[in-house]
Amino acid sequence: MNEHYPFQLAPLPYAYDALEPYIDTLTVSIHHDKHQATYVKNLNKALENYPAYQCWSLEQLICDCPQLPCDIQTAVQRNAGGVYTHELYFDGMTAPCMKKDARPTGRLSEAINRCFNSFEAFQTLMTQTALEQFGSGWAWLASDSCGNLHVLSTSNQDVPLCKGLRPIIVVDVWEHAYYLKYKNMRADYLAAWWNLVDWEFAEESFVQ
């Protein structure tokens with residue numbers, strides 16, 4: 001992702017079919033090439049007539065959105081959030097054949113055990129949080145400035161950066177993320193998603 005305007009659609013870190021059988025090829029291609037691409041396009045459109053803000057990074061646009069002109073705040077908030085969330089979602093997964101660890105290791109594992117008592121307790125909480133998100137949104141694992149971990153959900157394209165939290169992994173629970181394969185069975189999609197979480201990526205996100 002470019003650091004500032006004009007933003008570009010980040011390529012997937014794997015082939016469209018790499019997440020099979022857990023997330024199908026058609027869902028990945030539509031989700032990335034249509035949904036995520038639209039957020040990039042609309043973010044650039046919102047900023048095209050505002051050169052004073054075209055040097056702002058994606059995170060700055062999200063966190064300092066209230067400082068933008070009123071007539072573009074909503075468009076930037078929605079679309080910058082859409083770009084950020086989708087990029088983290090796709091980057092945080094890996095092909096099953098490439099996955100090295102079924103659960104986190106290293107400092108992230110230690111933090112999960114400290115904050116949630118066990119990986120199993122964390123996994124249950126994360127799944128339940130995603131299931132209970134009403135309507136479109138996301139479930140996150142994020143860390144605060146002290147290194148403590150938090151599981152939370154956000155609606156639409158809201159991002160925990162605005163709460164002072166650094167996202168580590170995220171699962172998309174908008175229906176377009178799973179409906180072609182799982183229909184209304186969000187729980188089945190979430191169970192499948194755990195097979196794709198890239199714990200190496202999560203560790204890097206946590207220790208950065």
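I began with the salt bridges, counting a side-chain nitrogen of Lys or Arg within 4 Å of a carboxyl oxygen of Asp or Glu, and the count came to three. The model is a predicted one, in which local features need pLDDT of at least 70 and side-chain atom pairs count only at pLDDT 80 or more, while totals for chains, interfaces and linings use all residues. Residues are numbered from 1 along each chain as its sequence is written, and side-chain values use heavy atoms, with hydrogens and water left out.

I then looked up one of the salt bridges, that of Glu59 with Arg166, whose closest N and O atoms are 2.8 Å apart. This pair links distant parts of the chain, since Glu59 lies in helix H2 (residues 58-63) and Arg166 in strand S3 (residues 166-172), 107 residues apart. For the elements I took DSSP runs numbered from the N terminus, with helices (H or I) of at least four residues and strands (E) of at least two.

Next I turned to helix packing, where H5 (residues 119-132) and H7 (residues 186-193) pack at about 145 degrees with their axes 10 Å apart; the axes are lines fitted to C-alpha atoms over the stretch in contact, and angles run from 0 to 180 degrees between N-to-C directions. With contact taken as heavy atoms within 4.5 Å, I found Met126, Thr127, Ala130 and Leu131 of H5 meeting Arg186, Ala187, Leu190 and Trp193 of H7.

On the backbone, I noted a cis peptide bond between Tyr5 and Pro6, with omega about -5 degrees, and another between Glu20 and Pro21, with omega about 0 degrees. Pro6 is placed in the segment before helix H1 (25-47), and Pro21 is likewise found in the segment before H1. I also noted Asn117, a residue other than glycine with a positive phi near 80 degrees, which lies in the loop between helix H4 (106-116) and H5.
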